[in-house]
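Okay, thanks for coming, everyone. Have a look at the screen while I bring the model up, and then I'll walk you through a few parts of it.

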Amino acid sequence: MIVAAWITFCACRSLARVLLFLSSSNSLPPFWETLASVVTGTGTMGNSCVCREDSDLEDHHHGSLRATRGQARRVDHSTGIGVDAGEARSSRPRDPVRPPRRGRGPHEPRRKKQNVDGLVLDTLAVIRTLVDNDQEPPYSMITLHEMAETDDGWLEVVQSLIRVIPLDDPLGPAVITLLLDECPLPTKDALQKLSDMLSLSSAVARQDALNPAKHRNTTAVLGCLAEKLAGPASIGLLSPGTLEYLLESLSSEAHPTVMLFALIALEKFSQTSENKLTVSESCISKRLAVLESWAEQPDYLKRQVGFCSQWSLDNLFLKDGRQFTYEKVNLANINAMLNSNDVSEYLKISPSGLEARCDASSFESVRCTFCVDSGVWYYEVTVITSGVMQIGWATKDSKFLNHEGYGIGDDEYSCAYDGCRQLIWYNARSKPHSHPCWKEGDAIGFLLDLSKKQMIFYLNGHQLPPEKQVFSSATSGFFAAASFMSYQQCEFNFGAKPFRHPPPVKFSTFNDFASLMPSEKIILPRHRRLALLKQVSIRDNCCTLCCDVMADTELRPCGHGYVCI
């Protein structure tokens with residue numbers, strides 16, 4: 001019996017090997033090919049697992065998935081045609097700023113509800129590596145999104161964000177915004193539970209002042225929720241206790257970063273008209289009138305508080321008897337500035353036209369007022385926040401798609417320097433550079449040599465090798481330009497004052513060759529700009545598309561029935 005069993009086993013094994021060899025050589029009829037699959041276990045029946053390429057999780061630690069995806073191939077069994085897996089995935093639109101959520105891969109185990117604090121810190125650690133447009137989000141972020149699909153999970157994530165995001169990480173507030181913006185909208189019950197858990201008041205604000213990280217994170221979370229919610233939900237979240245907490249966070253005893261994010265939260269709550277009235281009645285303008293003097297502070301953190309205070313007084317919380325900043329700023333020697341008519345919708349520009357800040361969850365961009373077609377040009381930027389910004393050169397053809405996350409360096413008509421992630425951006429592709437991460441107060445130089453068709457980037461006078469790839473698509477019509485992620489700010493110098501690190505070549509400055517009419521230098525507060533727009537009358541016979549010239553074409557229905565070809 002034993003001998004017979006052994007002979008049967010050997011015969012079956014030999015048969016399996018022969019069938020496997022013949023199957024691989026594509027010489028079997030369908031029946032035998034199916035039999036080979038069953039015997040050898042290579043078919044798709046039963047509980048077999050169809051695996052894709054190597055795990056994305058490991059690739060994220062190396063910062064790029066493109067090489068792995070380029071090597072992966074799949075076969076369409078219905079046609080027999082090999083299709084590149086990377087190309088198949090890239091046909092789906094992706095958001096370059098916010099990576100999309102994805103489901104669990106077929107080879108991945110079901111994700112466990114692991115330690116939420118660890119997942120938040122893992123996301124913060126890996127967020128700098130999310131640089132490719134087709135890159136999938138890290139495992140930690142996917143897991144947090146899945147957890148937040150229930151009320152209890154969402155509350156766990158929010159509490160963890162408040163608890164563990166460190167104060168000194170420049171990307172901390174941006175990660176809070178990124179995670180909350182991608183999570184599902186909280187239900188009314190979840191918001192009520194969060195309010196009960198936090199139990200905010202002025203006394204709690206004074207207590208939280210002893211823990212600036214928790215204090216800052218709480219105000220940042222409130223600001224994110226205020227931006228994400230609207231109407232009754234936002235009104236309900238701004239309870240008397242929450243308002244007391246935010247106002248107390250503006251006191252001189254609070255840490256400057258707490259003051260900054262408390263003010264930003266109040267701004268975002270005021271996007272709802274009823275909340276704006278409530279905040280305005282709290283005499284917030286008196287507090288901001290004191291803080292706006294910080295706008296010229298050498299301390300870059302206090303400078304941000306001063307900038308936001310001044311912007312709020314000009315645009316939101318108006319104070320009786322206070323002169324608008326644009327009415328008193330001296331622009332006599334300013335001939336080039338950021339263009340307030342060529343900017344995405346949520347970017348804040350200072351009345352001087354030389355400083356910009358983004359506090360929205362989108363990727364905001366701006367160009368300057370002066371365009372160059374020939375010669376050698378240089379400008380400088382002072383870094384006020386050390387997070388994600390893409391600053392460089394762009395033409396008029398460059399696209400500003402703030403909600404899709406496309407900015408400077410994300411098309412073929414622009415090139416940008418990113419000192420946070422240490423990258424050069426062109427055509428939505430990045431490559432690393434050798435400069436260290438930028439920090440507050442650093443001077444970034446931008447040299448454009450149109451005769452040699454090259455761009456050179458400097459960090460505190462130290463240059464990188466020239467960049468030339470953009471000149472394959474554009475050779476003239478360049479503007480200084482920049483894009484900002486959440487809570488980022490910088491100041492531009494187009495030559496109105498001495499450069500800190502001028503390059504060792506002969507160059508021209510925008511300010512020496514540009515010119516602006518006095519009316520073109522005025523950057524109006526938003527409510528005044530809207531008031532002027534309402535006064536604009538449109539002629540009855542003007543073009544309904546551009547509203548500038550008289551209409552000369554009339555479009556009428558074709559009058560055809562069914563499908564018109």
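Predicted model: local features only at pLDDT ≥ 70, side-chain atom pairs only at ≥ 80, totals over all residues.

**A strand covered on both sides**

So, let's start with strand E16, where both faces are covered: Gln488, Cys490 and Phe492 are buried on one side, and Gln489, Glu491 and Asn493 are buried on the other. "Buried" is under 20% relative accessible area, with exposed being over 50% and partly exposed in between, using a 1.4 Å probe and protein chains only.

Residues are numbered from 1 along each chain as its sequence is written, and side-chain values use heavy atoms, leaving out hydrogens and water.

Strands (E, at least two residues) and helices (H or I, at least four) are DSSP runs, numbered from the N terminus. Two strands pair if DSSP finds at least two bridges between them.

Which strands does E16 bridge to? Strand E5, residues 355-358, runs antiparallel to E16 and is joined to it by 4 bridges; here Cys358 sits opposite Gln488. Strand E7, residues 376-383, is also antiparallel to E16, again with 4 bridges, and Thr382 has Glu491 as its bridge partner.

**The open sheet**

Next, there's an open sheet of 7 strands, paired antiparallel in the order E3-E6-E15-E8-E9-E10-E11. At the edges are E3 (338-343) and E11 (429-432), each pairing on one side only. On average, neighbouring strands are turned by 30° against each other, ignoring direction. Inside that order, E6 (residues 364-368) and E15 (residues 478-484) run antiparallel and share 4 bridges, with Ser365 opposite Ser483.

**Two helices crossing**

Axes are lines fitted to C-alpha atoms, for helices over the stretch in contact, with angles from 0 to 180 degrees between N-to-C directions. Met141, Leu144 and His145 of H7 make the contact with Leu178, Leu179 and Glu182 of H9, contact being heavy atoms within 4.5 Å.
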